[in-house]
Amino acid sequence: MILVTDRAEACALANEFTAALARQQELALRREEIVTRLHEEVERLRRGETQTALDLVRHSLIRLHDRILRQAEQVNGPLEAEQVRELLTALADEAADAVAGTGVEREVPEPGERFDRERHRPVGRVRAAAPEEDLTVAQVVAAGFVQGDRVVRKAEVVVARWDAEAG
């Protein structure tokens with residue numbers, strides 16, 4: 001009789017183990033379904049965010065396009081250099097506004113400002129007139145662009161350098 005009880009207990013334990021294993025498999029399948037659904041949701045959100053960002057840029061570029069065409073229609077003869085400069089500056093401002101719509105701002109260093117390797121890219125060098133002008137911005141060649149503290153593009157600058165021997 002002891003053998004039957006041991007056998008019955010072994011069968012009961014095996015049945016419990018099989019049931020527990022089946023529950024674990026069912027939970028694993030549910031987790032996998034949840035992970036798959038969450039992954040699909042994240043991908044759908046990413047696509048939506050990308051499209052929203054692209055729409056901002058698209059609309060800004062369309063406005064820039066329209067402005068260029070309106071300006072072109074107003075030209076009725078040769079332009080003076082100052083008129084061309086004003087027109088191109090206005091178009092550059094419009095482009096910077098388009099970029100600003102994406103959260104990136106134009107940053108133009110001031111001449112005399114200290115040269116900062118993190119924010120400025122040297123594209124030329126001129127002689128400083130005085131020792132205190134050493135390593136300062138002498139001229140801005142191209143604006144930089146920043147997004148908060150992140151530098152998207154360094155400003156291109158000509159750097160003043162003091163040469164003590166040249167006096």
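Me: Before the sheet, what makes two strands pair here?
Reply: Two strands pair if DSSP finds at least two bridges between them. Strands are DSSP runs of E, at least two residues, numbered from the N terminus.

Me: And what is the model, and how are residues numbered?
Reply: This is a predicted model, where local features need pLDDT of at least 70, side-chain atom pairs count only at pLDDT 80 or more, and totals for chains, interfaces and linings use all residues. Residues are numbered from 1 along each chain as its sequence is written, and side-chain values use heavy atoms, without hydrogens and water.

Me: OK, what order do the strands of the open sheet have?
Reply: The order is 1-4-5, three strands with antiparallel pairing. Strand 1 (105–107) and strand 5 (150–153) are the edges, each pairing on one side only.

Me: How many bridges join strand 4 to strand 5?
Reply: Three. Strand 4 covers residues 144–147. Phenylalanine 145 has arginine 153 in strand 5 as its bridge partner.

Me: Switching to aspartate 134. Where does it lie?
Reply: Aspartate 134 is in the loop between strand 2 (120–127) and strand 3 (136–142).

Me: Buried or exposed?
Reply: Aspartate 134 counts as buried because its relative accessibility is 19%. Buried means under 20% relative accessible area, exposed over 50%, partly exposed in between (1.4 Å probe, protein chains only).

Me: What does its side chain have a polar contact with?
Reply: The side chain of arginine 161, at 3.0 Å. A polar contact is a pair of N or O atoms within 3.5 Å; within protein, one must be able to donate a hydrogen and the other to accept it, and residues adjacent in sequence count only if both atoms are side-chain atoms. The backbone nitrogen of tryptophan 162 also lies 2.8 Å from a polar atom of the aspartate 134 side chain.

Definitions and conventions. Helices (H or I, at least four residues) and strands (E, at least two) are DSSP runs, numbered from the N terminus.
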